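I'm opening my notebook on this one and jotting down what I look up as I go. Here is the structure I'm working from.

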Amino acid sequence: MQRLKLLLLSSFLLILPLSAASFVPVKSMAADDIFRSPALLAHEENDSGFGFSVGGYADIDMLNFIADPALTLGSAADYLRDELLGKDDQYLLDNYESISSIFRFDPRFPEKHADVSENAYYIRDYLERRFEEIGDGNRARSVFNALSSDLGIFPDDTSGIINGDMDLTLDLHAGGIKDGFGWNGRMRIIYDGASSLLDSFSYGDYAYGSTLYFTLGGSVGYGAYITENLAFGLSVTPEFVFRTTSASTSLLSSRINGNLIEFLASNRFDFGVGLDMVFGFMLDAGDNAKILLDFRSLPSIEMFWYFSADDVMSGFKFHEDSTIYYAVPDAALGLIWERGDVRIEAELSGIASQIVLMSVLPFYSFDILSVPHFSFRWALSESFAIETGYDFRKVYLGCSFSSIQAELSTRLDKPGFGISFGCEF
């Protein structure tokens, strides 16, 4: 009980400084471990140990973009041409300067004509004839230029035009569980790529994109039985967080021009602290089954100080970010069933958080495929087991041999390939 009071007090002291001009929702970076269902700490025992894991995923569009960006952006170029062809004559005249800047690499783009119909005729003729002659490389440049313009040609959600998701993770961790008390220390490097090469989501002054994280911290938690069959648990995860987010235009420019520096040159570099809290319940339902109810990210906040590349050139200094970033709270209902060498886990989550996101972000739509989670593990011997499951649109197949784990995965909604490898000591 003293440990539980200490966790509550430390969490309260960390929350006290909150006073911000705005709050911005971001993706939760909490690790998927026992601290996401802390009531399990009342039941589990685990000796202290150290482990690491590496993993990555890329869909077909991203792999093709890395190999040949010009060809991969062909569908986006077709969308650009069709959108401009669908505009009326007056639009083409009023926005001539912005349209011509999209094709500024081509000296044969028609000059502006004062007559509305004549101006529209030459622009449409260019799009119907000349656009196919400029080549894949220049069509890719036109996509980049259009994305950088103020015309808003591409929608916020461009996944229907082109994908391009890529995620990479390196995780080093250590921890243990004893007498209901659990702890871990963790260092992670995470590249969380945008779901589309053309994504341009924003909320207020914050633009979402492809984010590189470095986190250093850990989790502490405590779980205890309240009654013979009902347990309660609480976990707190404080972390030091570094992040930098790159816009889709930076990714396109760096690959098209073959210059990696362009991917980071216009970025802001954030240094700060984060806190995530979870509390939950576990019910021993008999017949080797446990029912879990968890309330996650209550709260989950991040506060930052930052600098930009311009600050480095003009006199280095940190700026305070008055925005508080938070992961949207969520509720999860789970089931664990074990018998012999078989273990089945199932969970429904993401409903509450998605409802909140829909009310906050106008571009967000409910994703039913992100709600269910399922895993099946079969221990074929004391040292070898296989596991398969479904998690956040990902289907995976893995195995473990002694302290080594490996996994292959793919997505249901878009073709891709993922692999991960880890080891526990």
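This is a predicted model: local features need pLDDT of at least 70, side-chain atom pairs count only at pLDDT 80 or more; totals for chains, interfaces and linings use all residues.

Entry 1, Asp179. Buried or exposed, I wanted to know of Asp179? Asp179 is exposed, because its relative accessible area is 54% and the cut-off for exposed is over 50%. Next I checked where Asp179 sits, and found it in the loop between strand E3 (166-178) and strand E4 (181-192).

Ser402 has a positive phi near 60 degrees, and it is a residue other than glycine. I found Ser402 in the loop between strand E17 (394-401) and strand E18 (404-411). With a relative accessible area of 56%, Ser402 is exposed.

Which peptide bond is cis, with omega near -5 degrees? I noted the one from Leu298 to Pro299. Pro299 belongs to strand E10, which I have down as residues 289-308.

I moved on to helix pairs, starting with helix H8 (residues 135-148) and helix H9 (residues 248-257). Their axes come within 10 Å and cross at roughly 155 degrees. Angles over 145 count as roughly antiparallel, so that is what I call H8 and H9. The crossing of the two is left-handed. Then I listed who touches whom. On the H8 side I have Ala140, Arg141, Phe144, Leu147 and Ser148, and on the H9 side Ser248, Thr249, Leu252, Ser253, Ile256 and Asn257. Sorted by class, the residues of this contact come out as 5 nonpolar, 5 polar and 1 charged.

I then looked at H9 together with helix H2 (residues 60-67). The axes of H2 and H9 come within 9 Å, and the crossing angle is roughly 40 degrees. How do I describe H2 and H9 relative to each other? They are oblique to each other. From H2, the residues in the contact are Met62, Phe65, Ile66 and Ala67, and they meet Leu251, Leu252 and Arg255 of H9. My tally by class for this contact reads 6 nonpolar, no polar and 1 charged. Leu252 is a name I had already written down for the contact with H8.

Which residues of helix H11 (residues 351-360) are buried? I got Ser353, Gln354 and Leu357. Looking down the axis of H11, I see these buried residues within an arc of 95 degrees, so they line one face of the helix. A reminder to myself: an α-helix has 3.6 residues a turn, so residues three or four places apart point the same way. I also asked what covers the buried residues of H11, and the answer includes strand E1 (22-25) and strand E13 (330-339).

Last, I zoomed out. I count 11 helices and 19 strands in the chain. Its C-alpha atoms fill a box of roughly 85 × 50 × 35 Å, taken along the principal axes. Of the 425 residues, 44% count as buried. I also looked at contacts between residues at least 6 apart in sequence: 64% of them join residues at least 24 apart.

Technical notes: Residues are numbered from 1 along each chain as its sequence is written. Side-chain values use heavy atoms; hydrogens and water are left out. Axes are lines fitted to C-alpha atoms, for helices over the stretch in contact, and angles run from 0 to 180 degrees between N-to-C directions. Helices (H or I, at least four residues) and strands (E, at least two) are DSSP runs, numbered from the N terminus. Angles under 35 degrees count as roughly parallel, over 145 as roughly antiparallel, 65 to 115 as roughly perpendicular and the rest as oblique. A crossing is left-handed if the near helix is turned anticlockwise from the far one by less than a right angle, and right-handed if clockwise. Contact means heavy atoms within 4.5 Å. Ala, Val, Leu, Ile, Met, Phe, Trp, Tyr, Cys and Pro count as nonpolar, Asp, Glu, Lys and Arg as charged, and the others, Gly among them, as polar. Buried means under 20% relative accessible area, exposed over 50%, partly exposed in between (1.4 Å probe, protein chains only). The arc is that of the directions from the helix axis to the C-beta atoms.
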